[in-house]
Amino acid sequence: MAVPAFSDIAKASNDILNRDFYHVSAASLDIKSKAPNGVTFNVKGKASHEGKNAGNIEAKYADTLSGLTVTQGWSTANVLDTKIELNEKIAKGLKAEILGQFLPSSQNVVAKLNLHFKQPNFHGRAFVDATNGPTANIDAVIGHEGFVVGVEAGYDVSKAAITRYAAAVGYSMPLYSTAVTASNNLSIFSFSYYHKVNSEVEAGAKASWDSKAGNTVGLEVAGKWRLDPTSFAKAKVNDRGIAALAYNVLLRPGVKVGIGMSFDTQHLKEASHKVGASFEFEG
């Protein structure tokens, strides 16, 4: 079976609960293009409801023969990001990433090394920050016949101490999946569920409990409806009465538009509601 990464054990439910809800930003723009020589460009911009707007431009080149991929990005925060990936060349199933970040204003440099190792029933990762600590975050997942079990831990080399740990267990089938996670040093527990009802309807839910905050359990449910081959609608609501609606349509090949809104059902007269839009272009 294909074993997911630790952060993706509950991916199906997380996606339906969090993706494609456009009220998070007042407006967002995503432009993707590909040059004849194989270099891809990606320009992203977001206008926030509060605070500064943000954006970045990214160029990526992949050499399929050597397995080498180089990505260079530059953001409106004046941060230069570089990623060098080497896939399946050091060992079968191993992908190595070298990440560099340079801040021209302060001359600060950040260097990281990421390792991803995948086998038929195993998926392990290691993220090493060489300039802060150094620190390392390591996770591993094993799977068998739909069941997966994973653990995660953070380690600070300078302090010689484990800084964080988490665990998760999940079960996945083609039409549904469930997962239980224990994060924040096993103090926050979450149960998530995803169900593909049919080719047009999907549903998901998540319940969370913070053992350090009290007995209150947070609950969130969401649904997705495929209206036709080019559009879909989504809705969700949580236990605090915050509801969100979204609509996405493919206007033509390579052009997508999404609109969404959220509102507090318990305080409809207050100005806490949000509206947002998303524009995606790919060519």
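Trainee: How many residues lie between β3 and β4 in their hairpin?

Mentor: Four residues separate β3 and β4 there, and G67 in the turn has a positive phi of about 75°. Helices (H or I, at least four residues) and strands (E, at least two) are DSSP runs, numbered from the N terminus. Please note that this is a predicted model, in which local features need pLDDT of at least 70 and side-chain atom pairs count only at pLDDT 80 or more, while totals for chains, interfaces and linings use all residues. Residues are numbered from 1 along each chain as its sequence is written, and side-chain values use heavy atoms, with hydrogens and water left out.

Trainee: How many bridges join β3 to β4, and in which sense do they run?

Mentor: Strand β3, residues 54-63, is joined to β4 by eight bridges, and the two run antiparallel. Two strands count as paired if DSSP finds at least two bridges between them. Within this pair, Y61 stands opposite V70 of β4.

Trainee: And what stands opposite V70 in β5?

Mentor: I84 takes that position. Strand β5, residues 80-87, pairs with β4 in the antiparallel sense over seven bridges. The hairpin of β4 and β5 also has four residues between its strands.

Trainee: Which residue in that hairpin takes a positive phi?

Mentor: N78, with a value near 60°; this residue is other than glycine. N78 lies in the loop between β4 and β5. N78 is partly exposed because its relative accessible area is 30%; buried means under 20%, exposed over 50%, and partly exposed in between (1.4 Å probe, protein chains only).

Trainee: Which residues make up the covered face of β4?

Mentor: T69, T71, G73 and S75 form the covered face of this strand, residues 68-75, whereas L68, V70, Q72 and W74 form the uncovered one.

Trainee: Changing topic, how many salt bridges are there in the whole structure?

Mentor: A search finds six, a salt bridge being a side-chain nitrogen of Lys or Arg within 4 Å of a carboxyl oxygen of Asp or Glu. One of them links R125 with D139, the closest N and O atoms being 2.8 Å apart. R125 belongs to strand β8 (residues 122-129) and D139 to strand β9 (residues 135-144), so the pair ties together parts that are 14 residues apart in sequence.

Trainee: Is R125 buried or exposed, and is D139 buried or exposed?

Mentor: R125 counts as buried because its relative accessibility is 14%, and D139 counts as buried at 3%.

Trainee: What about D15; with which residue does it form a salt bridge?

Mentor: Its partner is K11, and the closest N and O atoms are 2.6 Å apart. Since D15 and K11 are four residues apart in helix α1 (residues 11-18), about one helical turn separates them. D15 is partly exposed at 21% relative accessibility, and K11 is partly exposed at 37%.

Trainee: Which residue is linked with K95 and E97 in a network of salt bridges?

Mentor: E85 is linked with them. Between K95 and E97 the closest N and O atoms are 3.4 Å apart. E97 is buried, with a relative accessible area of 6%, whereas K95 is partly exposed at 24%.

Trainee: One backbone matter remains: where is the cis peptide bond?

Mentor: A cis peptide bond joins G133 and P134, with omega about -10°. P134 is placed in the loop between β8 and β9.

Trainee: Finally, what is the phi of E145?

Mentor: Phi of E145 is positive, about 50°, although E145 is not a glycine. E145 is found in the loop between β9 and β10 (147-156) and counts as exposed at 61% relative accessibility.
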